[in-house]
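Let us work through a protein model together. Keep the viewer open as you read.

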Amino acid sequence: MKAIILSGSLRENSNTEILAESVIKHLEKHDYDVEMVKIKEKHIEPCTACWTCQDIFESHGCPKKDDMYEIYEGVLEADVILFASPIYSWYCTPPLKAVMDRLVYGMNKYYGRKRGPSLWADKVCGLITTCGYEIEAGAGVLNEGLKRYCEHSNLNYIGMCAERDMAGKEHFRRNEAMEHTRCFVERIVEAKGV
Ligand SMILES: Cc1cc2nc3c(=O)[nH]c(=O)nc-3n(C[C@H](O)[C@H](O)[C@H](O)COP(=O)(O)O)c2cc1C
């Protein structure tokens, strides 16, 4: 099985990526092949609503020439897609939002001359996040947004693995956080059947 983690963290030694590394370790124990894409290292333009992609059913169909091509490819090859982001103003960071927008149009062909398919239907999707407030107050809006995003895209959303930023980096490496990532990976494995 393949998993792709699309990380919107913007700083080095990121809390969210420490959590994501633990998710990777647990996935690898289940023989998953995992790729983490650090979006800040890529050149990704925002969607400018040209609608070209909507009448091209065989591929993403996006005419922009940037690094999104490799992300489309990685997402189509993956069985599991994990979005990773710190919470910024109740949602994900701008680089991840740009990727999500490019995916929701490139992958879902719902708005062209004829209604087309979702190219990524039935893949498992989840969220890895960290936030400053209590989990529901900090990450609840993004969790709900992704639930709707996945329903719309015909993806199987398994929910979030979330930790609060309150006690320095060590908090994200403690047993409790490790146990949360292990349970999150169990949910992925159950959803995929492996
Ligand atoms: C610009 C900015 C906006 C933030 N907005 C929120 C927010 O709306 N809610 C929240 O709970 N935490 C918020 N935080 C706190 C971060 O989500 C938290 O510190 C997170 O663990 C940082 O993760 P990182 O190290 O991966 O960047 C914000 C932090 C920054 C820098």
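Predicted model: local features only at pLDDT ≥ 70, side-chain atom pairs only at ≥ 80, totals over all residues.

The questions below go from the whole chain to single residues.

Q: What radius of gyration does the protein chain have, and what would a compact globule have?
A: The C-alpha trace spans about 50 × 35 × 25 Å along its principal axes. The chain has 194 residues, so a compact globule would have a radius of gyration near 16 Å. The protein chain agrees with that value, at 16 Å.

Q: Among contacts between residues at least 6 apart in sequence, what percentage join residues at least 24 apart?
A: Start with burial: buried residues make up 41% of the 194 residues. Now turn to contacts in the protein chain, counting pairs at least 6 apart in sequence. The share that joins residues at least 24 apart is 78%.

Q: Which residues are in contact with Val 23, leaving aside its neighbours within four places in sequence?
A: Val 23 is one of the core residues that touch the most other members. Another of them, Leu 82, is also one of its contacts.

Q: How do the buried residues of helix H2 lie, seen down its axis?
A: The buried residues of H2 (residues 68-77) are Met 68, Ile 71, Tyr 72 and Val 75. Seen down the axis, they fall within an arc of 100 degrees, so they line one face of the helix. On the other side, Glu 70 and Glu 77 are exposed.

Q: Which elements do the buried residues of H2 pack against?
A: Look at the buried side of H2, which includes Ile 71 and Val 75. The buried residues pack against strand S1 (2-7), S2, S3 and H3.

Q: How do the residues of the shell around the ligand divide into nonpolar, polar and charged?
A: The ligand is surrounded by 16 residues, and the closest are Pro 86, Cys 131, Gly 132, Gly 138 and Asp 165. Helix H1 (15-29) and strand S4 (124-131) each supply at least two residues of this shell. By type, the shell divides into 6 nonpolar, 8 polar and 2 charged.

Q: Is Asp 31 buried or exposed?
A: Asp 31 sits in the loop between H1 and strand S2 (33-38). Its phi is near 65 degrees, a positive value in a residue other than glycine. Asp 31 has 8 C-beta neighbours inside 10 Å, and 12 or fewer means exposed. So Asp 31 counts as exposed.

Q: What is the phi of Ser 89 near, in degrees?
A: Ser 89 lies in the loop between strand S3 (80-86) and H3. Ser 89 is exposed because 7 other C-beta atoms lie within 10 Å. Its phi is positive, in a residue other than glycine, and is near 50 degrees.

Q: Which residues does Ile 135 touch, not counting residues up to four places away in sequence?
A: Ile 135 lies in helix H4 (residues 135-153). It is partly exposed, with 16 other C-beta atoms within 10 Å. Its C-alpha atom is separated by 6.3 Å from that of Arg 164, 29 residues apart along the chain. The residues touched are Ala 162 and Arg 164.

Q: Which residues is Gly 159 in contact with, leaving aside neighbours within four places in sequence?
A: Gly 159 is placed in strand S5 (residues 156-164). With 13 C-beta neighbours inside 10 Å, Gly 159 counts as partly exposed. Its contacts are Gly 126, Asn 143 and Arg 187.

Terms used. Residues numbered from 1 in each chain as written. Core = buried A, V, L, I, M, F, W, Y, C linked by C-beta atoms within 7 Å. Buried ≥ 20, exposed ≤ 12 C-beta atoms within 10 Å, placed from the backbone. Contact = placed C-beta atoms within 7 Å. Near = placed C-beta within 6 Å. Helix = DSSP H or I, 4+ residues; strand = E, 2+ residues; numbered from the N terminus. Nonpolar A, V, L, I, M, F, W, Y, C, P; charged D, E, K, R; others polar. Rg over C-alpha atoms; globule rule 2.2 N^0.38 Å. Arc of directions from axis to C-beta.
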